[in-house]
Amino acid sequence: PTQTTSSADLTFKLPVADGSANQVIQTNGSGQLAFATPSDTDTKWVYGSAADYDQWGSTTDVEFSGWPTNWQQIRVSFIDISSSANSYAQFFVSTSSSTAGRITSGYQTTSGYFGGSSDANNVTTVTDMGRFEGTAASAYSMNGFVNFYKFSGDKIRFEGDLVDKTYGTYKFFTHGYVTCDPTTSMTHIFFRAQGYAYDAGKFKLDYLAG
């Protein structure tokens with residue numbers, strides 16, 4: 001360097017071989033440089049790859065897993081989804097990869113939609129699932145998301161929006177919570193078309209950990 005502390009010369013020893021892709025040059029504090037994989041302890045979003053799309057556990061269920069135990073937020077987004085028959089878009093948390101492990105109680109879900117002839121009456125509550133009220137139409141092509149949040153203790157809050165892309169008339173919403181352990185009882189998430197198959201579209205999961 002042209003100017004250093006006390007104008008002293010500094011010697012840096014470069015690594016002998018090239019590093020791997022995305023590695024950085026790291027110093028040991030005594031002039032020895034080396035390639036190293038950067039550590040990242042910041043809270044950040046981890047985005048799904050192409051392999052995270054179309055996660056069908058069966059013909060009727062889309063299954064997700066793989067987030068770390070220190071997750072703070074999980075986001076499931078979807079585009080152009082539709083089902084093979086009139087069915088509500090539903091979602092459940094589960095203790096395993098089997099739908100038999102899905103939690104079927106402890107939910108408090110409020111859902112509804114705008115765009116109908118009597119929006120004030122288009123709101124319902126359920127305690128056995130999360131769902132989008134009023135999405136029961138096989139002709140719909142829908143875009144939207146559901147966010148899950150670690151809230152307090154054994155409460156996992158969720159909220160989501162869904163829009164009817166085909167007709168451009170309806171906007172659906174859902175929010176509520178499920179009571180369960182966020183690390184041992186929520187290892188999987190299932191999206192279901194009320195017993196029918198999703199016949200089009202893509203799903204994707206991202207998470208925020210820290």
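The legends below describe close-up views of a predicted model of one protein chain.

**Figure 1. Strands make up the elements of the chain.** The protein chain has 14 strands and zero helices. Read from the N terminus, the order of elements is β-β-β-β-β-β-β-β-β-β-β-β-β-β. Of the 210 residues in the chain, 39% are buried. Among contacts between residues at least 6 apart in sequence, 67% join residues at least 24 apart.

**Figure 2. Confidence along the chain, with residues 48-58 in view.** The mean pLDDT of the protein chain is 83, and 84% of the residues reach 70 or more. Over residues 48-58, pLDDT stays under 50. For this segment the model has 23 contacts beyond four places in sequence.

**Figure 3. Met186 in the largest nonpolar core.** This core holds 39 residues. The members that touch the most other members are Trp67, Ile74, Phe148, Met186, Phe191 and Phe203. Neighbours within four places in sequence aside, Met186 contacts Trp67, Trp71, Ile74, Val93, Ser94, Phe148, Ile156, Cys180 and Asp181.

**Figure 4. The largest cavity and its lining.** One cavity of 30 Å³ or more is found when the whole structure is searched. The volume of the largest cavity is about 30 Å³. Its lining consists of Ser83, Ser87, Tyr88, Ala89, Thr135, Ala137, Met142 and Tyr198. By class, five of these residues are nonpolar and three are polar. The lining has no charged residues.

**Figure 5. Asp80 in strand β5.** Strand β5 covers residues 71-83, and Asp80 is placed within this strand. Phi of Asp80 is near 55°, a positive value in a residue other than glycine. Asp80 counts as partly exposed because its relative accessibility is 28%, which falls between the limits of 20% for buried and 50% for exposed. Ser83, one of the residues lining the largest cavity, is also in the range of strand β5.

**Figure 6. Tyr177 and Thr179 in strand β12.** Strand β12 spans residues 171-179 and includes Thr179; Tyr177 also has its place in β12. Tyr177 has 25% relative accessibility and therefore counts as partly exposed. Thr179, at 30%, is likewise partly exposed. Not counting residues up to four places away in sequence, Tyr177 touches Gly106, Tyr107, Gln108, Lys155, Ile156, Arg157 and Phe158. With neighbours within four places left aside, Thr179 is in contact with Gly106, Asp154 and Lys155. Gly106 and Lys155 are therefore partners of both residues, being within 4.5 Å of each. Tyr177 and Tyr107 are 70 residues apart along the chain, and their C-alpha atoms are separated by 5.6 Å. For Thr179 and Ser152, 27 residues apart along the chain, the C-alpha separation is 9.9 Å.

**Figure 7. Tyr207 in strand β14.** Tyr207 lies in strand β14, which runs over residues 198-209. Because its relative accessibility of 17% is under the 20% limit, Tyr207 counts as buried. From C-alpha to C-alpha, Tyr207 and Asn147 are 9.4 Å apart in space, and the two residues are 60 apart in sequence.

Notes: Residues numbered from 1 in each chain as written. Predicted model: local features only at pLDDT ≥ 70, side-chain atom pairs only at ≥ 80, totals over all residues. Heavy atoms only, no water. Core = buried A, V, L, I, M, F, W, Y, C linked by side-chain atoms within 4.5 Å. Buried < 20%, exposed > 50% of the residue type's maximum accessible area, 1.4 Å probe, protein only. pLDDT = per-residue confidence, 0-100. 1 Å grid on protein atoms, 1.4 Å probe; cavity = no way out; pocket = protein on both sides within 12 Å on 5 of 7 lines; lining within 4 Å. Points joined across faces, edges and corners; volume = space filled by probe spheres on them. Nonpolar A, V, L, I, M, F, W, Y, C, P; charged D, E, K, R; others polar. Helix = DSSP H or I, 4+ residues; strand = E, 2+ residues; numbered from the N terminus.
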